[in-house]
Amino acid sequence: MNHEISLILTLTGGLLAALALGLAAQRLRLSPIVGYLLAGFVIGPFTPGFVADGEIANQFAEIGVILLMFGVGLHFHLKDLMAVRGVAVPGAIAQIAASAALGAWASHALGWSWSAGIVFGTAISVASTVVLTRVLADNRALHTPTGHIAVGWLIVEDLFTILALILLPVFYGPSGVGGPGLGLTLGLAMLKLAGLVAVTAVAGRWLLPRFFGHVARTGSRELFTLAVLAVALGLAVGAAVVFGASMALGAFLAGMIVGQSEFGARAASDALPMRDAFAVLFFVSVGMLLDPTSVVSGWRLELATLAIVLLGKPLAALAVVLILRRPLAVALAVAAALSQIGEFSFILASMAVGLGVLPKEAFNALVVASVVSIVINPWLYKGVAPLVGWLRRLGWARKASGEAGEAIAVDASAHRAVVVGYGPVGRTLCRILRDNGIEPVVVEMNIETVQELRAAGLPAVHGDAVSREILLHAGIEEAESLLVTASGLDARSIAAAALELAPSIRVISRAGYLREADALRKAGVAAVFSCEGEVALSMTTWLMHALGATDEQIDRERERVRRELFERPAGAAA
């Protein structure tokens, strides 16, 4: 490969292959991750044709890991974990222990050391965040007791993975397991970790809010996106260079600090495209490691890995949830949702291979297990409801509210609305909503307005409502109505994003011009109010009064004007 353009060729080849095979996987109703892994195999050294540069692909993968961990930190909320800690914490710990024990036993039988087996078992204990949330969302179970337990469980697994990323270099670095300098090395590592956390906390409390506030006030989207990426990459690299920690840990801490500020939603939204692109390249780089000859020769390890992922992990989860006296339906759903592996398995294994803890064939087993488990996981989850129904008919399972596939009923007295824009119209509507017992959440691009609302105790999200990430932060899935009140917004795109996330939501929108009304109605907007139309109605009322018309004549004329303006056939001239 021409080294002058190897970076461009690797980036282009990786993205094109990932796009083609990701689309193919989606058409087959599989997770796109399967397509990305296969794309890596296609452009890797074990297939004919174009071969991407492995070193450059690994650097892209490192950026992907940093942005993935930054995203995890942005979405980490301790309150979500605390709400289900009674099940998620003991459940995740028990499942990780069971996977580590099974992995150690299986790999030791194949000639590995016990320590390598434990690390391998730990790597396959972690489920994919992407796959789990997608499966729960597709089955409308993300906001049910099952979804809350599964997501809390995943948070514990992610935290354990971060701990493993910290400890692996300590135990398997130059000191070695049981080496004379291990205690000193471990103490220094913990001291550096404490320093990193302290520095990040100070930066998060004093420096980052002021920095992001200054950038947000410029009104430049590009500068804000650049600021988010600079903070994520800068703190990740700083954690590695200054504190000797992993870049993944630095990125996680950076995301967690930013996520707790008023800029968290917008940071998540702006970083999402870059995170997704480099996450794709991360999976592509993993797929490049798949050696078909090793797959054939290592079939015993691959079968053992699959057995642990598809049987050992789910059975451990099922047993723990049942022991903790949760309904069988919830236990089966949680077990099915967690019966897969993904990005964090590869992150942990990649570090372990680099430290010489795991042999390279471990990656082949992980890739095979990941592809197979990700492919069948949605089907496994969909099979829970029929299985529970059959068990109920046999009298072996009782019905529980909010179990898999059942949405939680929303209290009619706790209606919510998302209001986009807090100008004069938005401010008036928010007051009316609150006066009528409806809690509004404001989405606003002006950071000073957001800060004022939050200081007054009113929920507000800083960001662009076109972004699905921003709408999710605003609670669009639990809201009854979306009101687009500000002028100059892309109301059609906002409505499309909202209806995709919450198909039953009622969208009410302001339009700058009458000619926009038809397009908004076609996009699913229930009611459109145009500035032009309202001015015409007001002027009609004033003119009829001036001409001495009766109230009946005024009402009749207003109705005629309303029909002409607001019920205009599609395509009519404005």
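A crossing of two helices is left-handed if the near helix is turned anticlockwise from the far one by less than a right angle, and right-handed if clockwise. I looked up helix H1 (residues 6-27) and helix H2 (residues 32-42), whose axes come within 7 Å and cross at roughly 140°. I noted that the crossing of H1 and H2 is right-handed. I recorded the contact (heavy atoms within 4.5 Å) as including Ala17 and Leu21 of H1 and Tyr36 and Leu38 of H2.

I noted that the model is predicted: local features need pLDDT of at least 70, side-chain atom pairs count only at pLDDT 80 or more, and totals for chains, interfaces and linings use all residues. Residues are numbered from 1 along each chain as its sequence is written, and side-chain values use heavy atoms, with hydrogens and water left out.

I then searched the whole structure for salt bridges (a side-chain nitrogen of Lys or Arg within 4 Å of a carboxyl oxygen of Asp or Glu) and found 7. In one of them, aspartate 464 meets arginine 221 at 2.6 Å, N to O. Aspartate 464 lies in the loop between strand S3 (460-462) and helix H21 (468-473) and arginine 221 in helix H10 (residues 221-243), so the pair ties together parts 243 residues apart in sequence.

I also looked up the salt bridge of aspartate 270 with arginine 266, 3.7 Å from N to O. Both residues lie in helix H12 (residues 264-287), 4 residues apart, about one turn of the helix. For burial I used relative accessible area (buried under 20%, exposed over 50%, partly exposed in between; 1.4 Å probe, protein chains only). Aspartate 270 is buried at 17%, and arginine 266 is buried at 4%.

Terms used. Axes are lines fitted to C-alpha atoms, for helices over the stretch in contact, and angles run from 0 to 180 degrees between N-to-C directions. Helices (H or I, at least four residues) and strands (E, at least two) are DSSP runs, numbered from the N terminus.
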